[in-house]
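Q: Could you walk me through some of the helix packing and the nonpolar cores here?

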Amino acid sequence: MPADTIVLPEPRRKTPPEPAAAPPEHDGLPPPQRLWANITIWLAIVLAVMDSSIANVALPSIARSVHATPSGSIWVVNAYQLSITICLLPLASLGEIVGYARVYRVGLAVFTVASLCCALSSGLVSLSLARVLQGIGAAGIMSVNGALVRFVYPQRLFAHGLSLNAMVVSISAAAGPTVAAGVLAVAPWPWLFAINVPVGAAAFVIAIRSLPRTPLASHRFDVPSAALNAVFLGLLIVGLDDVAHGEGRTIAVASFIVSAVAGTVLVRRQLNLAAPLLPIDLLRIPIFALSCATSICSFLAQALAFVALPFFLQRDLGVGVVATGLLMTPWPLAVAVISPVSGRLCERVPAALLGFLGLIMLAAGLAALGTLPHAAGGSAIAWRMALCGLGFGLFQTPNNRTLIGSAPRLRSGGASGMLATSRLLGQTIGASVVALIFALASNGGARDSVLTAAGVSMVAALVSLARTGKARGFAP
């Protein structure tokens, strides 16, 4: 090359920019925030679970105070249960659209304000309306509870989170009647609702800063489906209640017919939707559908037992009222003890097998209770109750983990709503079946109800076992 040749630098080529790395998938909150998120979730669970049991205990006092008949005072309980049941799926769907934390916080706020309204009520109508509002708030809490846990914990600890929730539910259920009796011993019934206000307010403040942000769905809220869901589930429960308590047959039949029509229209509407309010898309997943069926059957069996056992212990076995409460306590306490253990086991043992073994234990415990002789001792009753609780607790966490974990993350709200709806449907049907058996049986029906619960538990065990070989693990 000649000495005077000038070599120009080669122009730089523009290299295309590296694509931005996809943000890592959300896998739980850091430990400090996770603790505070758990605290607000647990406080809300305590409020929602205990409020059901304390209202049952306080019904006689409420009826006397507001000058209501015993049958009329039942609406203090029914209004709460009805509003929860018809609102669970719509609020779960809304949680997918606006965020689970927002629905949870609004539900907690509504529950707290409604509790104050209950405490200030002076008549049956105003108290029942306040209970409707309180049920809507409780539905906001319960509908997205499972979905929130999925985002609070990393995937590897999800079952542990569900097991802790189950433990809190069991302890709350066990403590509810005792707390109610203690409050009524020193204060009038409005204080049962007033004590919710400071606890709810504290939980709301914590929830503002601690609950996780979750992905938002792009579909709109389906108002017609929400209305059809309310008619379908609401009239189904009203019809079951009328049949169980021997009310007008015409009203019951009309309720079932309208409920069936609304349910048919609802299902047909959901078939054409990408993210249906009634999660038909999730029910097409075999393990999800079977887990829902297992949940309904198991909670039906538990409700049969819980409603019938006080009558069975007192009328058939001659146990006193105070002793009845004490002898039923081993059941929820055993659930609380075994729940963390089952949460660890379900990481290594298939949920189908754990559910089958747990529900077989529940069936064995119920059958052992139902065949007790009249003069059975307290220890004989207590260990049978504990066996029922151990079986139910062994089943519950693995089943809940499988049900929610088998749904895609963006459909966690639908799965969470279906979990809560399955539980409430099972409990409602179980209570209605007990009332029907009581009305038809010549021997009082309590022993027959406990043995029926054992049979339903066996059915639930077989449904759980049917999940063997189905896909397991978390959906993306």
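**Helix pairs and cores**

A: Helix H13 (residues 286–316) and helix H14 (residues 321–328) pack at an angle of about 135°, and their axes are 10 Å apart. This is a predicted model, in which local features need pLDDT of at least 70 and side-chain atom pairs count only at pLDDT 80 or more, while totals for chains, interfaces and linings use all residues. Residues are numbered from 1 along each chain as its sequence is written, and side-chain values use heavy atoms, with hydrogens and water left out.

Q: Which class does the angle put H13 and H14 in?
A: The angle makes H13 oblique to H14, given that angles under 35 degrees count as roughly parallel, over 145 as roughly antiparallel, 65 to 115 as roughly perpendicular and the rest as oblique.

Q: Which residues meet between H13 and H14?
A: Phe306, Leu309, Pro310, Leu313 and Gln314 in H13 are in contact (heavy atoms within 4.5 Å) with Val321, Thr324 and Met328 in H14. By class, that contact of H13 with H14 has six nonpolar, two polar and no charged residues.

Q: OK, on to H4 and H5: what angle do they pack at?
A: Helix H4 (residues 100–120) and helix H5 (residues 124–143) pack at about 155°, with axes 7 Å apart, and that makes H4 roughly antiparallel to H5.

Q: What sits in that contact of H4 with H5, by class?
A: The residues divide into 13 nonpolar, six polar and one charged. Among those taking part are Tyr104, Leu108 and Phe111 from H4, and Leu127, Arg131 and Ile141 from H5.

Q: Which residues touch the most other members of the largest nonpolar core?
A: Tyr104 and Leu211 do, in a core of 53 residues; a nonpolar core is a set of buried Ala, Val, Leu, Ile, Met, Phe, Trp, Tyr and Cys residues joined through side-chain atoms within 4.5 Å, where buried means under 20% relative accessible area, exposed over 50% and partly exposed in between, with a 1.4 Å probe and protein chains only.

Q: And what is Leu211 in contact with, beyond its sequence neighbours?
A: Leaving aside neighbours within four places in sequence, Leu211 is in contact with Gln33, Ala37, Thr40, Ile41, Ala101, Tyr104, Arg105 and Leu148. A second, separate core of 36 residues includes Phe299, Ala308, Phe395 and Ala446.

Q: Last one: is Pro32 buried or exposed?
A: Pro32, which lies in helix H1 (residues 31–65), counts as exposed at 58% relative accessibility. The C-alpha atoms of Pro32 and Ser210 are separated by 9.2 Å, although the two residues are 178 residues apart along the chain.

Key. Axes are lines fitted to C-alpha atoms, for helices over the stretch in contact, and angles run from 0 to 180 degrees between N-to-C directions. Helices (H or I, at least four residues) and strands (E, at least two) are DSSP runs, numbered from the N terminus. Ala, Val, Leu, Ile, Met, Phe, Trp, Tyr, Cys and Pro count as nonpolar, Asp, Glu, Lys and Arg as charged, and the others, Gly among them, as polar.
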